[in-house]
Amino acid sequence: HGHLPPERTPPNISPAPGLDFSSLPPFSLPSLLLQLFIGFLTPHVDPELMSSEVLGDATEDSGALPMRADDEYRPFVRQLPELKFWLSAVRVILIALCCTFVPFLDIPVFWPILVIYFFALTFITLKNQIKHMVKYRYLPFSYGKKRYPVRRT
């Protein structure tokens with residue numbers, strides 16, 4: 001009979017050495033990404049902030065949303081264009097990743113509170129944004145070219 005080695009617990013191997021998800025930088029990242037996403041969904045000219053006479057005089061280049069049914073169609077112009085959204089998102093992710101390696105910023109947090117806070121913030125913010133979209137009748141996404149039924153003669 002051979003001698004079996006004593007059982008040892010395996011070493012704690014992290015998927016990325018140095019990353020600790022109980023500090024502040026990883027938990028602040030989703031809030032910053034949410035802020036960018038809201039900027040992406042918001043029109044360039046907010047009809048709520050503009051007075052009615054300024055909206056009536058809006059030109060095509062102003063990016064204002066059409067407010068009446070007889071207004072000319074204008075494409076949706078975002079407050080934060082898509083390319084800037086993606087560049088900013090990558091920049092924020094890289095900065096947050098670098099901040100996890102800085103000992104000064106390794107502030108311990110109680111993660112359940114921050115997770116609840118993030119979901120509450122997301123729910124309230126998106127609810128308000130959807131209300132705004134419904135009130136001013138705009139949809140920041142397009143579903144492609146409109147298709148018409150085929151006529152058979």
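Predicted model: local features only at pLDDT ≥ 70, side-chain atom pairs only at ≥ 80, totals over all residues.

Me: What span should helix α3 have at 1.5 Å a residue, and how far apart are its end C-alpha atoms?

Reply: Helices are DSSP runs of H or I with at least four residues, numbered from the N terminus. The expected span is 1.5 Å times one less than the number of residues. Helix α3 has 18 residues, 82-99, so it should span 26 Å, and its end C-alpha atoms agree at 26 Å.

Me: Which residues of α3 are buried, and which are exposed on the other side?

Reply: Buried means under 20% relative accessible area, exposed over 50%, and partly exposed in between, with a 1.4 Å probe and protein chains only. In α3 the buried residues are F85, S88, A89, V92 and A96. They lie on the same side of α3, because they cover an arc of only 105° around the axis, taken from the directions from the helix axis to the C-beta atoms. On the other side, the exposed residues are L83, W86 and C98.

Me: Which element do the buried residues of α3 pack against?

Reply: Contact means heavy atoms within 4.5 Å. A89, leaving aside its neighbours within four places in sequence, is in contact with L33 and L36. The element that the buried residues of α3 pack against is α1 (24-41).

Me: Why is the pair of F85 and W86 called edge-to-face?

Reply: Rings of Phe, Tyr and Trp (its six-membered ring) pair if their centres lie within 6.5 Å; planes under 30 degrees apart are stacked, over 60 edge-to-face, and the rest tilted. The count by this rule is three aromatic pairs. For F85 and W86 the centres are 5.2 Å apart and the planes are at 70°, so the pair is edge-to-face.

Me: Which residues form the aromatic cluster, and are F85 and W86 buried or exposed?

Reply: The cluster is made of F40, F85 and W86. F85 counts as buried because its relative accessibility is 11%. W86 has a relative accessible area of 52%, so W86 is exposed.

Me: Which residue has its charged end over the ring of F40?

Reply: A charge sits over a ring if NZ of Lys or CZ of Arg is within 6 Å of the ring centre and within 35 degrees of the ring normal. Here the charged end is 4.0 Å from the centre of the F40 ring, and it belongs to R78.

Me: Which residues does Q129 contact?

Reply: Q129 lies in helix α4. Its relative accessible area is 10%, so Q129 is buried. Leaving aside neighbours within four places in sequence, its contacts are I38, L41, T42 and Y138.

How values were computed: Residues numbered from 1 in each chain as written. Heavy atoms only, no water. Helix = DSSP H or I, 4+ residues; strand = E, 2+ residues; numbered from the N terminus.
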